[in-house]
Amino acid sequence: MLDKETRDRLHDWKFQSPDTNGFHEVIVAGKDDCKAINMFRLNLTPGQSYTVGSNTLEIHPVIIEGKATVTEAPFQDLNLKRFDSFYLPAKCSAKITAVDNCIIYIAGAPFDGIGEPSFRIYDPDLPIGKIHQIHGEGLGRREVSFTLDPDTKASRLICGITWGAVGAYTSWPPHQHDKDLEEAYCYFDMPAPKCGFHISYLHSGGLEDAVVHPVTSGSMVIAPRGYHPTCASPSCRNAYLWCLAAFRPESRRYDLAVLDPAYEMY
């Protein structure tokens, strides 16, 4: 059984991002219980602008709600809608101006000199392939769309959006990637009282020691170690931006997840 200190530590893996106007640090590597992943939230009203960028981090903003324009080098008059995204290496910035009320989730990770500015326009009709994928079967079936895929140049980050089915599981069978990457799940389109459940446990077959985090829109949960399946309530489907941050550039890969052998066949 988990001791109280460890259980409290797992409880602290959940954060509720602010819905107030402006730029918010939600998860900070080194300050919180993670080494590489950082998460920010930017809320803008129509006509409001904010310049994003970092001297040390690569960043990946994703439009969760609303429309915006991105101007100034390296982008000129880039029009972004819901689920569109872009990537900036360290020491590079861009100005975001909201066209209407905007919620933008921003992932950040250490920059190691690998990566160049890029953007991706979300296309729900994109054929199944490298960017648009279907994972799992039955009640574990989910749709995945990469916002920053492994083939796009970056130092540490791989990111995408997952949509589960109503009342169903995502990330099942449970997986971990302790040696190579850590992850943040950033939930949206789940307004209370609708909710999901993000499950954190440390050892194979250890669901009896799991910490269960109720999650709604704006919830962010880190997975610095251990297994992390999710389940939706009967009236809800889980929707989240997931952001992987590799501990080193060599482990910036999407094929390093290790399934829990205790539940792999179920």
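How many aromatic pairs does a search of the whole structure find? The search finds 17. The model is a predicted one.

## Aromatic pairs

| Pair | Geometry | Centre to centre | Angle between planes |
|---|---|---|---|
| Phe75 and Phe119 | edge-to-face | 6.1 Å | 80° |
| Trp172 and Tyr263 | tilted | 5.7 Å | 45° |

Phe75 and Phe119 form an edge-to-face pair. This pair links distant parts of the chain, 44 residues apart. Phe75 lies in the loop between β6 (68-71) and β7 (78-80). Phe119 belongs to strand β11 (residues 118-120).

The cut-off for buried is under 20%. Phe119 has a relative accessible area of 46%, so it is partly exposed.

Trp172 and Tyr263 form a tilted pair.

Ring pairs link Trp172 and Tyr263 with Tyr169, Tyr201 and Tyr227.

A charge also meets a ring. The charged end of Lys35 sits over the ring of Phe247, at 4.3 Å from the ring centre.

## Nonpolar cores

The largest nonpolar core holds 52 residues. Which of them touch the most other members? They are Ile27, Ile37, Met39 and Tyr105. Strand β22 (residues 239-246) supplies the largest share of this core, with 8 residues.

Strand β3 spans residues 38-44 and is mostly covered, with 7 of its 7 residues buried. In a regular strand, side chains alternate between the two faces of the sheet. In β3, Asn38, Phe40, Leu42 and Leu44 point one way. Met39, Arg41 and Asn43 point the other way. Residues on both sides are buried, Arg41 among them. Met39 is also one of the residues with the most contacts to other members of the largest core.

Which strands pair with β3? One partner is strand β2 (residues 22-27), antiparallel to β3 over 5 bridges. Within this pairing, Phe23 has Leu42 as its bridge partner in β3. The other is strand β10 (residues 102-110), antiparallel to β3 over 7 bridges. There, Asn38 has Gly108 in β10 as its bridge partner. Strands of a sheet pair through backbone hydrogen bonds, either parallel or antiparallel.

## An open sheet with a helix on it

Four strands form an open sheet in the order β15-β21-β18-β19, with antiparallel pairing. Which strands are at the edges? They are β15 and β19 (211-215), and each pairs on one side only. Strand β18 (residues 196-200) runs antiparallel to β19, and 5 bridges join them. Ser200 stands opposite Val211 in β19.

Helix α1 (residues 4-11) packs on this sheet. The helix touches β18 and β19. Its direction makes about 20° with that of β19.

Definitions and conventions. Residues are numbered from 1 along each chain as its sequence is written. This is a predicted model: local features need pLDDT of at least 70, side-chain atom pairs count only at pLDDT 80 or more; totals for chains, interfaces and linings use all residues. Side-chain values use heavy atoms; hydrogens and water are left out. A nonpolar core is a set of buried Ala, Val, Leu, Ile, Met, Phe, Trp, Tyr and Cys residues joined through side-chain atoms within 4.5 Å. Buried means under 20% relative accessible area, exposed over 50%, partly exposed in between (1.4 Å probe, protein chains only). Helices (H or I, at least four residues) and strands (E, at least two) are DSSP runs, numbered from the N terminus. Two strands pair if DSSP finds at least two bridges between them. Rings of Phe, Tyr and Trp (its six-membered ring) pair if their centres lie within 6.5 Å; planes under 30 degrees apart count as stacked, over 60 as edge-to-face and the rest as tilted. A charge sits over a ring if NZ of Lys or CZ of Arg is within 6 Å of the ring centre and within 35 degrees of the ring normal. Contact means heavy atoms within 4.5 Å. Axes are lines fitted to C-alpha atoms, for helices over the stretch in contact, and angles run from 0 to 180 degrees between N-to-C directions.
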